[in-house]
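Subject: The structure I said I'd pass on

Hi,

Here is the structure I promised to hand over.

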Amino acid sequence: MKACESVQREGRSIRLDLETLEALQVQRWFEVYRAGILYVKERKKRDRSAVVRKEREQRASGWHSDAEFELLVWLYQNRCAYCWFEADLTEDHVIPLVAGGSNAIENILPACKYCNSKKGGRV
Ligand SMILES: [Zn+2]
């Protein structure tokens with residue numbers, strides 16, 4: 001029994017009565033419990049870094065600045081690329097991000113809120 005060994009190593013002979021045994025068991029349980037928490041924490045940290053990596057990959061698949069979009073809006077004369085009405089324009093991904101579309105300016109068109117929501121997830 002491990003508990004006995006550790007007790008002997010300390011050079012003292014302690015009679016392991018029920019109370020001591022229970023205390024040791026509680027201690028052991030607490031160690032396992034703490035190790036479990038550390039394990040979960042470590043898992044969570046790893047999961048989070050995986051999420052960060054995924055986000056980074058998505059960002060790497062294309063990027064555009066606000067200025068680029070403003071230039072695009074200027075090129076489209078402040079009009080929606082789909083209905084050609086002048087409106088509050090939002091960034092519309094020609095190939096949606098969920099479908100693996102890039103976030104680069106080549107994949108962006110200015111769209112009015114109506115057209116953007118009408119289009120939804122469709123390509
Ligand atoms: Zn429109």
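Below is what I found in it, from the overall layout down to single residues.

First, some ground rules. This is a predicted model, so local features need a pLDDT of at least 70 and side-chain atom pairs count only at 80 or more, while totals for chains, interfaces and linings use all residues. Residues are numbered from 1 along each chain as its sequence is written.

How far can you trust it? pLDDT is the predictor's confidence in each residue, from 0 to 100. The protein has a mean pLDDT of 79, and 76% of its residues reach 70 or more. Where pLDDT is low, the predicted coordinates should not be read in detail.

Now the layout. The protein has four helices and two strands, in the order α-α-α-β-β-α from the N terminus. Helices (H or I, at least four residues) and strands (E, at least two) are DSSP runs, numbered from the N terminus. The two strands, β1 and β2, run antiparallel and are joined by five bridges; strands pair if DSSP finds at least two bridges between them. In this pairing, Glu-91 stands opposite Pro-110 in β2.

Next, what is inside and what is outside? A residue is buried if 20 or more other C-beta atoms lie within 10 Å of its own, exposed if 12 or fewer, and partly exposed in between, with C-beta atoms placed from the backbone. Of the 123 residues, 8% count as buried. Strand β2 is largely enclosed by the rest of the structure, because five of its five residues are buried. Both of its faces are covered, with Ile-108, Pro-110 and Cys-112 on one side and Leu-109 and Ala-111 on the other. Helix α3 is hardly covered: the count of buried residues among its ten is zero.

The largest nonpolar core has seven residues: Cys-80, Leu-89, Ile-108, Leu-109, Ala-111, Cys-112 and Cys-115. Its largest share, four residues, comes from β2 (residues 108-112). Such a core is a set of buried Ala, Val, Leu, Ile, Met, Phe, Trp, Tyr and Cys residues joined through C-beta atoms within 7 Å.

Which residues does Leu-89 touch, leaving aside its neighbours within four places in sequence? Val-73, Asn-78, Cys-80, Pro-110, Ala-111 and Cys-112 are in contact with Leu-89, where contact means that the C-beta atoms, placed from the backbone, lie within 7 Å. Across the protein, 55% of contacts between residues at least 6 apart in sequence join residues at least 24 apart.

Two residues in the loop between α3 and β1 are worth a look. Most residues other than glycine have a negative phi. Gln-77 sits in that loop, between α3 (66-75) and β1 (89-93), and has a positive phi near 50°. Asn-78 is in the loop too, and its phi is positive as well, about 60°. Gln-77 is exposed, because it has 9 other C-beta atoms within 10 Å, while Asn-78 has 13 and so counts as partly exposed.

Last, find Gly-101 in the loop between β1 and β2. Gly-101 has 17 C-beta neighbours inside 10 Å, so it counts as partly exposed. Gly-101 and Ser-61 are 40 residues apart in sequence and 8.1 Å apart in space, C-alpha to C-alpha.

Cheers

Conventions:
Two residues are in contact if their C-beta atoms, placed from the backbone, lie within 7 Å.
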